[in-house]
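The following questions and answers concern one structure and the terms used to describe it. Please consult the sequence and the model alongside them.

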Amino acid sequence: MILPYNEQYPMIDPTAYIADDAVISGDVTIGAYSSVWFKTVIRGDVSPTHIGQNVNIQDQSMLHQSPNQPLVLEDGVTVGHQVLLHSCQIRKNALIGMGSTILDGAEIGENAFIGAGSLVPPGKTIPPNTLAFGRPAQVIREITDDDIQEMNRIRQSYVDKGQVYKQEQQNRKP
């Protein structure tokens, strides 16, 4: 469901896949070949949300903002199932593990990997190319070439799967 808020409509690239039961409202932009999966909610009714290209936001995730604090997901970001993102910055090709929470003013560095179930508190920065895990999240180690390959595999699988779902979605419509 794509909804306006205060006469502001989401801007969604025509190549993006949006699940029929996802809700996207207000000042939200979504880039090419990105995907928003089942029962995800993205509300752009407080500040803008900018989602880059080849981003996947998996099932039952929630994206929102605080006043004057946009939410930014750069290109290639993977957001696992049931993730909560609130007024944070997720840099290029980062992966946010299932069930994680990233709060206001936090910044996740390029190619960073946030382990499942982690909590990144307000204002915390996770450096690029690191694995962070825990509540609160702490850097555990540098990521490896194997980690990068797995992150790339996941991202590409969601780009591909999103395009299959998009085609099937289009075939269903009269």
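Q: Where is N54 found?
A: N54 lies in the loop between β6 and β7 (56–57). Helices (H or I, at least four residues) and strands (E, at least two) are DSSP runs numbered from the N terminus. This is a predicted model, in which local features need pLDDT of at least 70, side-chain atom pairs count only at pLDDT 80 or more, and totals for chains, interfaces and linings use all residues. Residues are numbered from 1 along each chain as its sequence is written, and side-chain values use heavy atoms, with hydrogens and water left out.

Q: Why is N54 called partly exposed?
A: Buried means under 20% relative accessible area, exposed over 50%, and partly exposed in between (1.4 Å probe, protein chains only). The relative accessible area of N54 is 28%, so N54 is partly exposed.

Q: What is the phi of N54?
A: N54 has a positive phi of about 55°, although N54 is not a glycine. Most residues other than glycine have a negative phi.

Q: Why does Y33 count as partly exposed?
A: Y33 has 38% relative accessibility and therefore counts as partly exposed. Y33 is placed in the loop between β4 and β5 (35–36), and its phi is near 60°, a positive value in a residue other than glycine.

Q: Why does P67 count as exposed?
A: The relative accessibility of P67 is 56%, so P67 counts as exposed. P67 is in the loop between β8 (62–64) and β9. Leaving aside neighbours within four places in sequence, P67 is in contact (heavy atoms within 4.5 Å) with V46 and S47.

Q: What makes β19 and β20 a pair?
A: Two strands pair if DSSP finds at least two bridges between them. β19 and β20 have five bridges, in the antiparallel sense; in one of these, the partner of A132 is V139 in β20. The two strands form a hairpin with two residues between them.

Q: Which peptide bond is cis at P136?
A: The bond from R135 to P136 is cis, with omega near 5°. P136 is in the loop between β19 and β20 (137–142). Most peptide bonds are trans.

Q: Which residues touch the most other members of the largest nonpolar core?
A: A nonpolar core is a set of buried Ala, Val, Leu, Ile, Met, Phe, Trp, Tyr and Cys residues joined through side-chain atoms within 4.5 Å. Of the 40 residues in the largest one, I57, L73, L85, I90, I102 and I108 touch the most other members. Elements that give two or more residues to this core include β4 (23–30), β6 (41–51) and α1 (145–172).
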